[in-house]
Amino acid sequence: MLTSRDTAGNLHSRAMTPAGPASDTQLTLVFIANNSSHKFPELEQDPHVNVSFYDENSTNWASFSGQAKISRDKALIHKYWSNT
């Protein structure tokens, strides 16, 4: 789940699948999304996010907070994009 905050301060959570880590040495997650979604204006006005993962088979979970950065870099998108 990716949680962001709208201009009124309300939290919005969305199911997302990470496209891949951007680095082997730090926790940088890459998500690819449609830029017409509501999450883009939210991230532009407040980049603070929370990302959480849950494995229903083991009941293990993890939660990470940090700052999102929007990139429209076509090479980066091509590197991580998969339609599967």
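## Charge, fold and local contacts in a predicted model

The protein chain carries 7 positive and 8 negative side chains, and the centres of these two sets lie 7 Å apart. The structure described here is a predicted model. The accessible surface of the protein chain amounts to about 6400 Å², and carbon and sulfur atoms contribute 51% of that area.

The fold comprises two helices and six strands, which follow the pattern β-β-β-β-α-β-β-α along the sequence. The C-alpha trace spans about 35 × 35 × 25 Å along its principal axes. Of the 84 residues in the protein chain, 20% count as buried. Among contacts with a separation of 6 or more, 40% are accounted for by residues 24 or more positions apart.

Leu 43 is located in helix α1. When neighbours within four places in sequence are set aside, Leu 43 is in contact with Ser 4, Val 49, Ala 68 and Ile 70. The relative accessible area of Leu 43 is 12%, and this residue is therefore classed as buried, the cut-off being under 20%.

Asp 46 is found in the loop between α1 (39-45) and β5 (48-55). Asp 46 also counts as buried, because its relative accessible area of 16% falls under 20%. The side chain of Asp 46 makes a polar contact with the side chain of His 48, at 2.8 Å.

The aromatic pairs come to a count of one. The ring centres of Phe 53 and Phe 64 are 6.3 Å apart and the ring planes stand at 65°, so the pair is edge-to-face, a class that requires an angle over 60 degrees. This pair links distant parts of the chain, with Phe 53 in strand β5 and Phe 64 in strand β6 (residues 60-67), 11 residues apart. Phe 53 is partly exposed, with a relative accessible area of 32%, and Phe 64 is likewise partly exposed, at 34%.

The accessibility values of the residues discussed above are collected below.

| Residue | Relative accessible area | Class |
|---|---|---|
| Leu 43 | 12% | Leu 43: buried |
| Asp 46 | 16% | Asp 46: buried |
| Phe 53 | 32% | Phe 53: partly exposed |
| Phe 64 | 34% | Phe 64: partly exposed |

Key
Residues numbered from 1 in each chain as written. Predicted model: local features only at pLDDT ≥ 70, side-chain atom pairs only at ≥ 80, totals over all residues. Heavy atoms only, no water. Helix = DSSP H or I, 4+ residues; strand = E, 2+ residues; numbered from the N terminus. Buried < 20%, exposed > 50% of the residue type's maximum accessible area, 1.4 Å probe, protein only. Polar contact = N/O pair within 3.5 Å; in protein donor to acceptor, adjacent residues only side chain to side chain. Phe/Tyr/Trp six-rings, centres within 6.5 Å; stacked < 30°, edge-to-face > 60°. Contact = heavy atoms within 4.5 Å. Areas by Shrake-Rupley, 256 points an atom, 1.4 Å probe, with all protein chains shown as cover. Lys, Arg positive; Asp, Glu negative; His and termini not counted. Charge placed at Lys NZ, Arg CZ, Asp CG, Glu CD.
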